[in-house]
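Work through the exercises below with the sequence and the model side by side, and try each task before reading its solution.

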Amino acid sequence: MTASPLRTALAGAALLLCSQAALADITLYSQNFENPVNFVDDGGSVNIFRTVNDLYGNQPPGFLFAQDFTVETLRVGTPGVWTSLSNPSGAFLDPQGVAGQYVVSMLSSAQNDLLGLSFNVGAFKFFNLQLDISSIDLNNWGGPFFDGTAPTFRLSLYDNPSGAVGLGTGALLSSADITGTLAANQWTFDWSRRVVGLSTDGNTNGNVTLRIDLLNGGYAAMDNFLIAASDVQGQVPAIPEPGTWALLGVGLAGVAWAGRRRRA
């Protein structure tokens with residue numbers, strides 16, 4: 001049976017729309033930090049001596065973090081961390097149910113913890129990041145660190161011509177500060193979801209590095225990263241869970257394809 005001209009035209013239009021949608025944004029990375037490799041409780045339900053790479057490197061295969069100083073991983077819900085009359089269990093509490101079992105966290109003042117993630121965005125105009133942030137504190141390892149202010153993170157995007165893993169040593173392309181809210185106390189998370197679109201204008205060859213720095217709050221946590229390359233500022237696609245392990249390879253392949261299409 002021969003397809004009618006109308007049906008053929010509709011099919012072609014649908015294919016074109018799908019192609020355009022595929023090029024609108026490409027997911028580069030998704031991480032909910034729920035699968036650390038050999039998490040070690042160094043005391044107080046905190047992993048401090050193993051790096052973020054030790055726990056989350058190669059998720060997906062080949063992906064690596066850069067960090068300066070410790071950048072801890074916290075385990076949520078373990079008793080005995082913050083025991084008090086108002087918190088008999090002594091656990092980190094997550095009444096919103098956002099954190100799952102693990103989150104990553106960093107200092108703003110006692111030392112300048114930094115976390116770096118490197119990607120190739122192809123010819124896309126924006127590097128978009130969605131994440132959850134919250135105030136929290138430690139009751140050991142020199143803490144408490146709370147300074148009385150809401151947590152503010154600075155997200156900075158750097159040109160990275162070599163494509164090497166790092167914290168950003170090239171030209172600064174763009175940056176943005178995001179601020180969360182103050183939780184009711186130092187052991188309870190109060191999550192705020194933030195979405196930032198950083199301009200990639202001026203990058204050399206598509207390679208960029210994101211640097212994450214906690215500016216104030218004393219101590220704070222991050223979770224549920226979703227990173228996309230897009231031509232629309234702040235646009236991140238909805239993705240099914242878990243999806244984390246395969247996304248980077250698929251995303252980079254898509255970015256390379258998109259770049260070729262645009263240069264053709």
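## Exercises on the whole chain, a sheet and aromatic rings

Of the 264 residues in the chain, 49% are buried. The model is predicted.

**Exercise 1.** State how many helices and strands the chain has, and what share of the contacts with a separation of 6 or more comes from residues 24 or more positions apart.

*Solution.* Begin with the secondary structure, where three helices and 12 strands are found in the chain. Then turn to the contacts with a separation of 6 or more, of which 81% are between residues 24 or more positions apart.

**Exercise 2.** Give the order of the five strands that form an open sheet, and find out which strands stand at the edges.

*Solution.* The order of the strands in this open sheet is β3-β6-β11-β8-β9, and their pairing is antiparallel. Strands β3 (65–68) and β9 (172–179) each have a single partner strand and stand at the edges, so one side of each is left without a neighbour in the sheet. On average, and with direction ignored, neighbouring strands of this sheet are turned by 20° against each other. For a closer look at one pairing, take β8 (residues 152–159) and β11 (residues 207–216), which pair in the antiparallel sense over eight bridges. Within β11, valine 208 is the bridge partner of aspartate 159.

**Exercise 3.** Decide whether the pair of phenylalanine 33 and phenylalanine 225 is stacked or edge-to-face, and explain which parts of the chain the pair ties together.

*Solution.* Rings count as a pair if their centres lie within 6.5 Å, and planes over 60 degrees apart count as edge-to-face. For phenylalanine 33 and phenylalanine 225, the centre-to-centre distance is 5.1 Å and the angle between the planes is 90°, which is an edge-to-face pair. Phenylalanine 33 lies in the loop between β1 (25–31) and β2 (46–47), whereas phenylalanine 225 lies in strand β12 (residues 219–230), so the pair ties together parts that are 192 residues apart in sequence. Both phenylalanine 33 and phenylalanine 225 are buried.

**Exercise 4.** Classify the pair of phenylalanine 189 and tryptophan 191, and say whether each of the two residues is buried or exposed.

*Solution.* The ring centres of phenylalanine 189 and tryptophan 191 are 5.0 Å apart and their planes are at 15°, so this pair is stacked. With a relative accessible area of 2%, phenylalanine 189 is buried, and tryptophan 191, at 7%, is buried as well.

Technical notes:
Residues are numbered from 1 along each chain as its sequence is written. This is a predicted model: local features need pLDDT of at least 70, side-chain atom pairs count only at pLDDT 80 or more; totals for chains, interfaces and linings use all residues. Side-chain values use heavy atoms; hydrogens and water are left out. Rings of Phe, Tyr and Trp (its six-membered ring) pair if their centres lie within 6.5 Å; planes under 30 degrees apart count as stacked, over 60 as edge-to-face and the rest as tilted. Helices (H or I, at least four residues) and strands (E, at least two) are DSSP runs, numbered from the N terminus. Buried means under 20% relative accessible area, exposed over 50%, partly exposed in between (1.4 Å probe, protein chains only). Two strands pair if DSSP finds at least two bridges between them. Axes are lines fitted to C-alpha atoms, for helices over the stretch in contact, and angles run from 0 to 180 degrees between N-to-C directions. Contact means heavy atoms within 4.5 Å.
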